[in-house]
Amino acid sequence: SLKRFVVDVLLTSIWINVSEVFRYFVIVRPETQAALGAIPNVADMNWGIFAIWGGWYTVLTVFVVVIAWLWLRVTPTDSQRKRAIASGSIAWLLFLLFWVAQANMGLARWAFVPIPLALSWVEMVVGSFIAATLLDSSAL
């Protein structure tokens with residue numbers, strides 16, 4: 001049902017929001033400010049930017065839940081772990097594209113890129129595991 005889907009998205013979003021905020025403030029923001037410090041207000045954070053990131057987290061969470069749901073439908077006999085790794089890896093491709101583009105444009109150091117990529121992969125796999133577990137239990 002739509003109500004259950006919304007609940008699953010909201011519960012999954014707790015993990016995704018916490019991990020995204022942690023990764024940004026602890027790892028990505030300091031690196032961006034150090035690498036691009038000559039740019040005024042680089043990696044600034046205010047309510048407008050925070051709201052935009054909130055929209056991104058919402059889209060990302062819906063994407064993760066939909067991919068987990070689709071993977072559950074395609075491979076209903078796979079283990080929860082296998083489904084989470086597969087669907088999380090698919091969702092992670094967004095981050096791969098983003099970070100390769102950032103480094104290619106000189107907005108991130110290539111040596112730094114593996115760090116947020118590894119953390120975002122873990123984030124997506126855990127998010128997909130949460131979503132798959134909730135979806136499995138709700139039998140959507």
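**Questions on a predicted model**

Reader: In which helix does leucine 11 lie?

Author: The model discussed here is predicted. Leucine 11 belongs to the helix that covers residues 2-35. That helix is H1.

Reader: Is leucine 11 buried, partly exposed or exposed, and what accessible area does its nonpolar patch have?

Author: Leucine 11 has 39% relative accessibility, so it counts as partly exposed. Together with Val7, Ile14 and Val18, Leu11 forms a nonpolar patch on the surface. The accessible area of these residues together is about 330 Å².

Reader: Is glutamate 123 buried or exposed, and with which side chain does it make a polar contact?

Author: Glutamate 123 is located in helix H4, residues 114-138. Its relative accessible area is 2%, and buried means under 20%, so glutamate 123 is buried. Beyond its neighbours within four places in sequence, glutamate 123 is in contact with residues including Trp15, Leu60 and Phe95. At 3.2 Å, the side chain of glutamate 123 makes a polar contact with the side chain of arginine 23.

Reader: What is the phi of asparagine 41, and is this residue buried or exposed?

Author: Asparagine 41 is placed in the loop between H1 and helix H2 (47-74). Its phi is positive in a residue other than glycine, near 60 degrees. With a relative accessible area of 63%, over the 50% cut-off, asparagine 41 is therefore exposed.

Reader: What is the phi of alanine 43, and is alanine 43 buried or exposed?

Author: Alanine 43 is in the loop between H1 and H2. Although alanine 43 is not a glycine, its phi is positive, at about 55 degrees. Its relative accessible area is 17%, which is under 20%, so alanine 43 is buried.

Methods: Residues numbered from 1 in each chain as written. Predicted model: local features only at pLDDT ≥ 70, side-chain atom pairs only at ≥ 80, totals over all residues. Heavy atoms only, no water. Helix = DSSP H or I, 4+ residues; strand = E, 2+ residues; numbered from the N terminus. Buried < 20%, exposed > 50% of the residue type's maximum accessible area, 1.4 Å probe, protein only. Polar contact = N/O pair within 3.5 Å; in protein donor to acceptor, adjacent residues only side chain to side chain. Contact = heavy atoms within 4.5 Å. Patch = residues over 30% accessible without salt bridge, like charges linked within 9 Å, V, L, I, M, F, W, Y side chains within 5 Å. Areas by Shrake-Rupley, 256 points an atom, 1.4 Å probe, with all protein chains shown as cover. Salt bridge = Lys/Arg side-chain N within 4 Å of Asp/Glu carboxyl O.
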